[in-house]
Amino acid sequence: MFSFREVLAAIQAYGKAHQFIMQHKLWKWILVPGILYCILFMTGSYFVWGYSGDFVEYLFNLLPLKTWIQDLESTWVSFFFILLAFSIRIMILLLYFSYYKYLFLILGSPLFAYLSEKTEAILERREFPFSMQQFLKDMGRGISISLRNMLYQTIAVLLLIVLSFIPVVGWITPLFAFFIECYFYGFSMVDYSCERHQMSTRQSIRFIKDHRGIALGNGIVFYILMFVPLLGWVLAPSYAVIAATIHLSDKKLLHGASW
C-alpha cells in the first residue's frame, strides 16, 4: 500500500520545483531537454502515424480483407473497416505515446542525472565533484532502471487487458493502468537521487517500494502534464526530476536510510 500523505506531498513538490527553478534561473536546464523532447516526439509521431498506415494496409492484404470488402460492394462494411483501420492506427500511436516516455528517459538519463545532482548541490550548498566514471555509471543505471520499469509496466498492462474482459472488474482496469504507469514514471525520477546516495539497484527498488506514494504522486503530475501539448512536453521531464529531488531532500529520507 501507499501513503496518501506521501502522494500529496510529492504532488506539492512540483510547486516547490517551480519556485526553485525561478529562484535559481535554471530555465536552460528545463528548455533544452524539453525542446529536444518535443522535436523527437513530433518526429517520431509523424513516422509512426505514416508507417502505421502501411502496417494496416499490409495486414488487410495479408488477410485478404481488402478483396473481400471490394467483392461485397457494401458501403456500411467499407465504412466499418475504414473505422477499424483508423482505430488500429490510433492504438499504435497511443502505444508509441506510452513507451516514448521511456525512450526519452533512456536518451536523457545523463542530463536528468546531472539535473538531479545540481538541484541537490544547490539545496545543500555543496558541490558534487564531476567524475566521468560516475557519470557513465549514472547513465547506465538510468537506462537499466527505465528498461526494467518498461518491462514491468508491459507485463502489468497485459494482465490488466486480460482482467478487462471480466464484468465489473473490467470497468476499473483503466484506472489501475493509469496508476501503474504513473508509478513507474515516478520510480525513474526518484531513482536518480537514490543512485547519488550510493544505493544499489536492489536497495533503490526496496526504498521506493517502501515509499510508493512518492513515486506515484510524482508520476501523476508528470503524466498529466504530458497531455498538455508543447508546454507540458517541455516542462514535464525536468520538473519531475527536480520535484523528486526536492521532496527527498526536504524529507531527509535518503539521509536516514540505512542498509
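User: How many aromatic pairs are there?
Analyst: The count comes to 20 aromatic pairs, where rings of Phe, Tyr and Trp (its six-membered ring) pair if their centres lie within 6.5 Å, with planes under 30 degrees apart called stacked, over 60 edge-to-face and the rest tilted. This is a predicted model, in which local features need pLDDT of at least 70 and side-chain atom pairs count only at pLDDT 80 or more, while totals for chains, interfaces and linings use all residues. Residues are numbered from 1 along each chain as its sequence is written, and side-chain values use heavy atoms, with hydrogens and water left out.

User: Why is the pair of Phe41 and Tyr100 tilted?
Analyst: Their ring centres are 5.4 Å apart and their planes stand at 55 degrees, so the pair counts as tilted.

User: And which helices do those two lie in?
Analyst: Phe41 lies in helix α2 (residues 27–62) and Tyr100 in helix α4 (residues 75–107), so the pair ties together parts that are 59 residues apart in sequence; helices here are DSSP runs of H or I with at least four residues, numbered from the N terminus.

User: Is Phe41 buried or exposed?
Analyst: Phe41 is buried, and Tyr100 is buried as well, where buried means under 20% relative accessible area, exposed over 50% and partly exposed in between, with a 1.4 Å probe and protein chains only.

User: Switching topic, what does Ile242 touch?
Analyst: Leaving out residues up to four places away in sequence, Ile242 touches Ala17, Phe20, Ile21, Ile30, Leu115 and Thr119, with contact meaning heavy atoms within 4.5 Å.
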